[in-house]
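Hi,

Here is the structure we talked about. Please open it and keep it beside you as you read the notes below.

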Amino acid sequence: MRSRVALEELKRLEDFLRPSWIAIVGTIGPSGMAQLTPNWYSFSDGKLHVSTTKQRVKYRNLVRDGRLSVCVVSEPRGQNYASITGLADIRDDESIWIETRDIVERYVEPGRVESWIADLQKQDRVIISLKPERIVLSC
């Protein structure tokens, strides 16, 4: 995989990811089979962020094998998409709540954000960040 992504590619990716689409997160299961899950996301500082819990299969897969692929498809016909690959960076410290809030604010009505965050803080959550090593954009 490429280790450097052009700034122009990152800008195009950021523009494409601005709407609150659903990201399909792909990890590698113990048998080598792909494991795919839909997720909310945010994109900042050149990285895509996803919030999950330590109990989820994707977390366990990434702890074992950090390779991560994410595909975000436009609605409703899916003609435009972004495919991003790289290595996952997993954090479980207090810093996760910045990205978690950013994600929630993209998908939840403003009046419900605080209660949503309060519920999430009761869970054993992590932030998975992906700095793209490869980007494929069709838009």
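Arg-67 sits in strand E5, which covers residues 67-73. Strands here are DSSP runs of at least two residues (E), helices are runs of at least four (H or I), and both are numbered from the N terminus.

Before going on, note that this is a predicted model: local features need pLDDT of at least 70, side-chain atom pairs count only at pLDDT 80 or more, and totals for chains, interfaces and linings use all residues. Residues are numbered from 1 along each chain as its sequence is written, and side-chain values use heavy atoms, with hydrogens and water left out.

Arg-67 has a relative accessible area of 43%, so it is partly exposed. (Buried means under 20%, exposed over 50%, partly exposed in between, with a 1.4 Å probe and protein chains only.)

What does Arg-67 touch, leaving aside neighbours within four places in sequence? Its contacts (heavy atoms within 4.5 Å) are Gly-26, Thr-27, Ile-28, Leu-62, Gly-86 and Leu-87. Its side chain also makes a polar contact with the side chain of Asp-65, at 2.7 Å. (That is a pair of N or O atoms within 3.5 Å; within protein, one must be able to donate a hydrogen and the other to accept it, and residues adjacent in sequence count only if both atoms are side-chain atoms.)

**Cysteines**

The structure has zero disulfides (pairs of cysteine sulfur atoms within 2.5 Å). Cys-71 is in none; its nearest cysteine sulfur belongs to Cys-139, 12 Å away. Cys-71 is partly exposed, at 26% relative accessibility. Cys-139 is exposed, at 54%.

Best wishes
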